Amino acid sequence: MKKIFLYILAGSLCFSACKKDDDPQTFVEPDDVAVRNTYDDQAIQKFLNDNYLDSQGNIKAFSVSDTIDDHEKKLSELNPVKLPSGVVYVVRAGAQPTPGKAIGGTDVLKMMIRTNHYLATNTDGTVALNSPGVFVNTINNSGSPLSDPMWYYVKEKTMTEASKDRSFFEIEGFQEGLKYFKSFVDKPDGDPYNLQGVILVPSRAAFARSPHYNYTNTSLQNRTFVFNFQIYDTKTRLQSQE
């Protein structure tokens, strides 16, 4: 009887140990900012290898079970450029306005855009962008271009009333990457979209670990952003819009 009891106990302990080994480990945010930055960079590179652009410029993940996308080029094969800040931009060939209009740093923008935010995590040695969240999506939601969002440019009145500076509202990495694109000129709101490219913004070029405006009812600290967009038009910002 004692032997039976011992066998049962040993089996239970073995099962518990195996079950514990199989349980996914909860990711713990590294205290060291340098580690966070490394995770972001590695995860962005993996994202570039794991995704492509479809015929309208939408970001799509490669299928692991279907060969339909085997002919597509990875984002990493579309001449991505990494800036000193860690921001990476991809200009989609054949989708740019000709000649187009240079985008001023304070211009009023009108754009079709889909943006998700992610947390770069290290899971069993694999660093990737996980825990996706929607930041803004005019393509699948309203279907109409977005004009002058304050995460691109926040008005002085808003900052004054909130007693905050620009970094509380704006995503600097998006502003930085956008300089390498041009705008269409008065493209009608109802025109079909044809996205111009991608801007990937690591957390250090977004909100990092600082307080920020409540855009999504969730914390955007340590989050990496992926912008997929087309600029329909830009206008010089009037004094009343500053």
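Colleague: Which residues does aspartate 148 touch, not counting those up to four places away in sequence?
Modeller: Keep in mind that this is a predicted model. Aspartate 148 sits in the loop between strand S8 (146-147) and helix H4 (156-162). Leaving out residues up to four places away in sequence, aspartate 148 touches Val108, Leu109, Tyr153, Lys155 and Arg237.

Colleague: Is aspartate 148 buried or exposed?
Modeller: Buried means under 20% relative accessible area. Aspartate 148 has 15%, so the answer is buried.

Colleague: And which side chain makes a polar contact with the side chain of aspartate 148?
Modeller: Look for N or O atoms within 3.5 Å. At 3.2 Å from the side chain of aspartate 148, the partner is the side chain of lysine 155.

Colleague: Why is S10 largely enclosed by the rest of the structure?
Modeller: Side chains in a regular strand alternate between the two faces of the sheet. In S10, Gly197, Ile199 and Val201 lie on one side, with Val198 and Leu200 on the other, and both faces are covered. S10 counts as largely enclosed because the number of its residues that are buried is five of the five.

Colleague: Which residue in S11 is the bridge partner of glycine 197?
Modeller: S10 and S11 run antiparallel and are joined by five bridges. S10 also pairs with strand S4 (residues 88-91) in the antiparallel sense, over four bridges, and there valine 90 stands opposite valine 198. Over in S11, glycine 197 is partnered by phenylalanine 229.

Colleague: Last one: at the start of H2, which backbone nitrogen does a side-chain oxygen of aspartate 32 reach?
Modeller: Helix H2 (residues 33-50) has 18 residues and reaches 26 Å from its first C-alpha to its last. Its buried residues include Tyr39, Ala43 and Phe47. At the start of H2, the side-chain oxygen of aspartate 32 comes to within 2.9 Å of the backbone nitrogen of alanine 34.

How values were computed
Residues numbered from 1 in each chain as written. Predicted model: local features only at pLDDT ≥ 70, side-chain atom pairs only at ≥ 80, totals over all residues. Heavy atoms only, no water. Helix = DSSP H or I, 4+ residues; strand = E, 2+ residues; numbered from the N terminus. Buried < 20%, exposed > 50% of the residue type's maximum accessible area, 1.4 Å probe, protein only. Polar contact = N/O pair within 3.5 Å; in protein donor to acceptor, adjacent residues only side chain to side chain. Contact = heavy atoms within 4.5 Å. Pairing = 2+ DSSP bridges. Expected span 1.5 Å × (residues − 1).
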